[in-house]
Amino acid sequence: AVPSGNYTLEASTTLPWGGVNSTDALTIQNHVIGSTILSGLYATAIDVNLSGSNTSADALLVRQRFVSLINDFAAGDWAFNPDPVSVLSVSTEDFQGICMGDVNGSYVPSVIRNSSIELQQEGSLVCNSKEITIPITIKEDVMMGALSMVIEFSNPVTISDVFMKSENLNQDLIYNVVNDQLRISWMNTNGVKLQAEESLLEITL
């Protein structure tokens with residue numbers, strides 16, 4: 001039994017970290033520039049580098065972790081509400097938790113989310129040279145502010161370049177190849193309008 005009184009409790013979980021991608025990075029960046037205001041646990045989840053402030057560096061680290069350029073955050077994987085509780089003999093307390101970086105609260109453990117942009121998946125490619133470029137196009141008009149993409153290869157490949165449709169957009173692109181996966185992150189607070197059948201990006205193998 002716990003004596004009656006006021007306590008500040010610390011919570012933890014064995015659930016894995018997840019649900020964080022370029023959309024979260026975009027939301028963080030919008031919060032930094034003031035076009036979106038986050039509060040509560042959502043605001044707590046921004047400071048992934050544990051600097052004590054919310055900056056563009058947090059948005060970059062979120063993107064870097066999505067593409068597996070880094071494997072963890074200085075702030076850890078989870079944040080919980082630290083509200084003091086009053087205990088009167090028998091008491092049950094509920095804690096709210098959020099994955100660090102998951103500022104839109106989208107993460108539900110064991111749930112796989114579908115893509116929000118439908119890509120063209122047609123035909124096959126025959127490679128007769130040492131290098132081949134694969135275009136990825138979209139099927140419908142879309143206004144895009146963030147892109148998170150994971151492409152899995154059945155056999156090991158060497159990625160020599162990933163390029164968006166213009167050098168301007170390419171400046172906001174980061175990618176990494178890990179465990180036969182190509183992981184891609186792009187975001188821009190201004191967004192970009194893409195038309196159906198237009199190239200989203202090109203991958204050179």
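The following dialogue explains how the terms used for this predicted model follow from its values.

Trainee: How many helices and strands does the chain have, and what makes a stretch count as one?

Mentor: Helices (H or I, at least four residues) and strands (E, at least two) are DSSP runs, numbered from the N terminus. By that rule the chain has 4 helices and 10 strands. Read from the N terminus, their order is β-α-α-α-β-β-β-β-β-β-α-β-β-β.

Trainee: Why is Ile28 called buried?

Mentor: Buried means under 20% relative accessible area, exposed over 50%, and partly exposed in between (1.4 Å probe, protein chains only). Ile28 has a relative accessible area of 0%, and is therefore buried. Ile28 belongs to helix H1, residues 22–33. In the chain of 205 residues, 35% are buried.

Trainee: Which residues are in contact with Ile28, leaving aside its neighbours within four places in sequence?

Mentor: Contact means heavy atoms within 4.5 Å. On that basis Ile28 touches Ile46, Thr55, Asp58, Ala59, Val62, Gly101 and Val103, its neighbours within four places being left aside. For the chain, 71% of the contacts with a separation of 6 or more are between residues 24 or more positions apart.

Trainee: How do you know that strands E8 and E9 pair?

Mentor: Two strands pair if DSSP finds at least two bridges between them. Strand E8 (residues 173–178) and strand E9 (residues 181–194) are joined by 6 bridges and run antiparallel. Val178 stands opposite Gln181 in E9. E8 and E9 form a hairpin with 2 residues between them, and Asn179 in the turn has a positive phi of about 50°.

Trainee: Why are E6 and E8 described as standing at the edges?

Mentor: The open sheet has 3 strands in the order E6-E9-E8, with antiparallel pairing. Strand E6 (142–152) and E8 each have a single partner strand, so one side of each is left without a neighbour in the sheet. Neighbouring strands of this sheet are turned by 10° against each other on average, direction ignored. Axes here are lines fitted to C-alpha atoms, for helices over the stretch in contact, and angles run from 0 to 180 degrees between N-to-C directions.

Trainee: Which helices pack on this sheet?

Mentor: H1 packs on the sheet, touching E6 and E9, and its direction makes about 40° with that of E9. Helix H3 (residues 56–66) also packs on the sheet, touching E6, E8 and E9, and the direction of H3 makes about 140° with that of E9.

Trainee: What makes the buried residues of H3 lie on the same side?

Mentor: In H3, the buried residues are Asp58, Ala59, Val62, Arg63, Arg65 and Phe66. They cover an arc of only 165° around the axis, which puts them on the same side of H3; the arc is that of the directions from the helix axis to the C-beta atoms. Their cover includes H1, E6, E8 and E9.

Trainee: Why is the pair of Trp78 and Tyr107 called tilted?

Mentor: Rings of Phe, Tyr and Trp (its six-membered ring) pair if their centres lie within 6.5 Å; planes under 30 degrees apart count as stacked, over 60 as edge-to-face and the rest as tilted. This rule gives 3 aromatic pairs. Trp78 and Phe80 are stacked, at 6.2 Å centre to centre with 20° between the planes. For Trp78 and Tyr107, the centres are 6.2 Å apart and the planes stand at 55°, so the pair is tilted. Trp78 lies in strand E2 (residues 78–80) and Tyr107 in the loop between strand E4 (97–99) and strand E5 (133–137), so the pair ties together parts that are 29 residues apart in sequence. Trp78, Phe80 and Tyr107 form one aromatic cluster.

Trainee: Is Phe80 buried, partly exposed or exposed, and why?

Mentor: Phe80 has 22% relative accessibility, and therefore counts as partly exposed.

Note on methods:
Residues numbered from 1 in each chain as written. Predicted model: local features only at pLDDT ≥ 70, side-chain atom pairs only at ≥ 80, totals over all residues. Heavy atoms only, no water.
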